Amino acid sequence: MADELFKALADPTRRTILDELTEKSGQTLFEICSRLSMKHQLGISRQAVSQHLDLLEAAGLVETRREGRYKFHDLNTAPLRQIAERWPMPDASGPEKSTP
C-alpha cells in the first residue's frame with residue numbers, strides 16, 4: 001500500500017488532481033479535465049487523466065461512485081493519515097531520543 005501511495009504522490013499532475021479534488025470533491029472526469037486545462041493550462045488528454053485517476057484510486061487516495069451514467073471522484077485522505085501515524089513527530093517539549 002505504501003509503495004502505491006508514494007508512487008501516486010510522486011507525479012506533479014496527480015498532485016494537481018488531488019489539489020483540485022481538495023478544492024471541490026465529487027467531480028466527474030470531464031470536470032477534472034476542464035479544471036486542469038483552464039486553471040493549470042495542462043494540455044493532457046482525457047485518457048491520460050483517467051489513467052492518473054486509476055492510479056490514485058489504486059493508492060486509496062481517490063474513491064469513485066456512480067450515479068446513473070456519471071462517475072464521481074472523491075478525495076480520501078485516510079492513506080495520508082496512515083503515513084503521518086507511521087512516523088510520528090517527536091515530542092517538542094523534551095530532547096529527542098535516538099534509538100540504536
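Let's start with helix α2 (residues 12–23) and helix α3 (residues 29–40), whose axes cross at roughly 105° and come within 11 Å. An angle from 65 to 115 degrees counts as roughly perpendicular, so α2 is roughly perpendicular to α3. Keep in mind as you look around that this is a predicted model.

Which residues of α2 and α3 meet? On the α2 side they are Thr 16, Ile 17, Glu 20, Leu 21 and Glu 23, and on the α3 side Ile 32, Arg 35, Leu 36, Lys 39 and His 40. Sorted by class, this contact of α2 with α3 holds four nonpolar, two polar and four charged residues.

Now turn to the other helix pair. Helix α1 (residues 2–10) packs with helix α5 (residues 78–86) at an angle of about 110°, their axes lying 11 Å apart. That angle makes α1 roughly perpendicular to α5, and the crossing of α1 past α5 is left-handed. From α1, Ala 2, Leu 5, Phe 6 and Leu 9 take part, meeting Pro 79, Leu 80, Ile 83 and Arg 86 of α5. The residues in this contact of α1 with α5 comprise seven nonpolar, no polar and one charged.

Finally, have a look at the strands. Strand β1 (residues 62–67) pairs with strand β2 (residues 70–75) in the antiparallel sense, over six bridges. To find your place in the pairing, pick Arg 65, whose bridge partner in β2 is Phe 72. Together β1 and β2 make a hairpin with two residues between them. In the turn, Gly 68 has a positive phi of about 65°.

Key
Residues are numbered from 1 along each chain as its sequence is written. This is a predicted model: local features need pLDDT of at least 70, side-chain atom pairs count only at pLDDT 80 or more; totals for chains, interfaces and linings use all residues. Side-chain values use heavy atoms; hydrogens and water are left out. Axes are lines fitted to C-alpha atoms, for helices over the stretch in contact, and angles run from 0 to 180 degrees between N-to-C directions. Helices (H or I, at least four residues) and strands (E, at least two) are DSSP runs, numbered from the N terminus. Angles under 35 degrees count as roughly parallel, over 145 as roughly antiparallel, 65 to 115 as roughly perpendicular and the rest as oblique. A crossing is left-handed if the near helix is turned anticlockwise from the far one by less than a right angle, and right-handed if clockwise. Contact means heavy atoms within 4.5 Å. Ala, Val, Leu, Ile, Met, Phe, Trp, Tyr, Cys and Pro count as nonpolar, Asp, Glu, Lys and Arg as charged, and the others, Gly among them, as polar. Two strands pair if DSSP finds at least two bridges between them.
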